Amino acid sequence: MFVIAITLVVVFIESVPNIHQNYTLWFAWFEIISITLFTIEYIARVWSAAEINPLHPWHSRWHYIISPLAIIDLLAILPFYLGLFIQIDTRYLRAVRLLRVLKLTRYSSSLTTLLQVLKNEYPAIISALGILLMLIILASSGMYLVERDAQPENFGSIPMTLWWATITLTTVGYGDVVPITFEGKALGMVITILGVGIAALPAGIIASGFTKERQNRRDEFRAKVITAYSDDGILSHDELREIERLRIQLGLSVNESKALIRLSGAGHASSTFKYCPHCGESLTNHPPAE
């Protein structure tokens with residue numbers, strides 16, 4: 001993760017003409033070293049993917065290669081190797097190298113959660129964006145009808161009016177293009193009011209999905225803890241290690257996991273531990289441990 005962050009910083013600094021000109025050789029060597037590390041990582045991940053299904057190693061490797069994370073890893077190194085065989089404008093090459101920021105999704109639980117939310121909620125998000133697109137088209141058509149004669153340079157066609165409709169419905173409002181007729185201003189007021197609610201729909205859907213995903217992960221973690229408790233009423237070292245791996249995988253904080261473990265243990269004890277899990281006697285009459 002540190003190497004990824006450093007490479008992104010270097011890409012930003014390299015875009016400054018004076019710095020790039022004075023340290024061209026340094027930037028070239030840094031790119032070679034970082035690409036070497038990323039390439040070794042990519043090959044190692046592809047090769048070790050065979051452990052998923054040892055009976056069909058190449059099938060497992062192919063499935064990994066076409067997975068989203070593997071594609072991101074490939075995009076991080078592909079521009080460098082393409083540049084060796086194809087003449088590519090360095091400005092475009094530098095911009096493509098910024099795709100390495102996507103590698104952070106492998107190491108950031110928050111980004112992983114966000115991607116999962118987008119995957120889960122994409123039908124609702126697409127529906128909200130579809131409604132927004134329809135309103136943009138309708139707003140562009142309406143403003144074209146009322147403003148085309150007064151401002152043909154800004155509202156002379158529906159495609160020209162799309163710019164105004166988009167920045168108005170998304171409540172950005174740069175103010176570079178504004179209606180001047182009474183009808184145009186009245187329509188603009190209606191469109192602005194509609195935009196306040198419609199433009200916020202995707203953000204609301206993502207926020208709701210994020211909360212739901214976090215709760216699902218807490219429920220999954222708690223279910224794992226309850227299952228571990230149900231065996232003998234205690235958490236062994238192996239079970240604790242497995243629970244810790246799950247905590248990291250789900251992106252839960254340490255305090256959050258401790259609270260869930262206490263809650264799960266308390267609930268399980270109240271309903272299950274009426275008898276000693278070792279000797280089977282009632283805990284009410286159970287002799288104290290020496």
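The protein holds 13 helices and zero strands. The model is predicted. Read from the N terminus, its elements run α-α-α-α-α-α-α-α-α-α-α-α-α. Of the 290 residues in the protein, 31% are buried. Its accessible surface comes to about 18,500 Å². Carbon and sulfur atoms account for 68% of that surface. Among contacts with a separation of 6 or more, 63% join residues 24 or more positions apart.

**Helix α3 and its partners**

Helix α3 spans residues 24-48.

| Helix pair | Partner residues | Axis distance | Angle |
|---|---|---|---|
| α1 and α3 | α1: residues 2-14 | 11 Å apart | about 150° |
| α3 and α4 | α4: residues 57-65 | within 8 Å | roughly 135° |
| α3 and α5 | α5: residues 68-85 | within 10 Å | roughly 140° |

Take α1 first. Helix α1 packs on α3 at about 150°. That angle is over 145 degrees, so α1 is roughly antiparallel to α3. The crossing of these two helices is left-handed. Which residues of α1 make the contact? They are Val 3, Ile 4, Ile 6, Thr 7, Val 10, Ile 13 and Glu 14. From α3 come Trp 26, Phe 27, Phe 30, Ser 34, Leu 37 and Phe 38. The residues of this contact divide into ten nonpolar, two polar and one charged.

Next, α4. The axes of α3 and α4 come within 8 Å and cross at roughly 135°. The two helices are therefore oblique to each other. On the α3 side, Tyr 42, Arg 45, Val 46 and Trp 47 take part. They meet Trp 58, Arg 61, Tyr 64 and Ile 65 in α4. How do the residues of the contact of α3 with α4 divide? Six are nonpolar, no residue is polar and two are charged.

Then α5. The axes of α3 and α5 come within 10 Å, with a crossing of roughly 140°. The crossing is left-handed. Helix α3 supplies Glu 31, Ile 32, Ile 35, Phe 38, Thr 39, Tyr 42 and Arg 45. Helix α5 supplies Ala 70, Asp 73, Leu 74, Ala 76, Ile 77, Phe 80 and Tyr 81. The residues of this contact divide into ten nonpolar, one polar and three charged.

Phe 38 is listed in the contact with α1 and in the contact with α5. Tyr 42 and Arg 45 meet α4, and Tyr 42 and Arg 45 also meet α5.

**Thr 39 in α3**

Thr 39 has its place in helix α3. Is Thr 39 buried or exposed? Its relative accessibility is 15%, so Thr 39 counts as buried. Neighbours within four places in sequence aside, Thr 39 is in contact with Ile 77 and Tyr 81. Both Ile 77 and Tyr 81 are among the α5 residues that meet α3.

**Met 160 in α9**

Helix α9 covers residues 158-169, and Met 160 sits in it. Met 160 counts as partly exposed because its relative accessibility is 37%. Where neighbours within four places in sequence are left aside, what is Met 160 in contact with? The partners are Pro 152, Glu 153, Asn 154 and Phe 155. Tyr 144 is 16 residues away along the chain from Met 160. The C-alpha atoms of Met 160 and Tyr 144 are separated by 8.6 Å.

**Asn 120 in α7**

Asn 120 lies in helix α7, which runs over residues 109-147. With a relative accessible area of 39%, Asn 120 is partly exposed. Asn 120 and Phe 210 are 90 residues apart along the chain.

Conventions. Residues numbered from 1 in each chain as written. Predicted model: local features only at pLDDT ≥ 70, side-chain atom pairs only at ≥ 80, totals over all residues. Heavy atoms only, no water. Axes fitted to C-alpha atoms, helices over the stretch in contact; angles between N-to-C directions. Helix = DSSP H or I, 4+ residues; strand = E, 2+ residues; numbered from the N terminus. Parallel < 35°, antiparallel > 145°, perpendicular 65-115°, else oblique. Left-handed = near helix turned anticlockwise from the far one by under 90°. Contact = heavy atoms within 4.5 Å. Nonpolar A, V, L, I, M, F, W, Y, C, P; charged D, E, K, R; others polar. Buried < 20%, exposed > 50% of the residue type's maximum accessible area, 1.4 Å probe, protein only. Areas by Shrake-Rupley, 256 points an atom, 1.4 Å probe, with all protein chains shown as cover.
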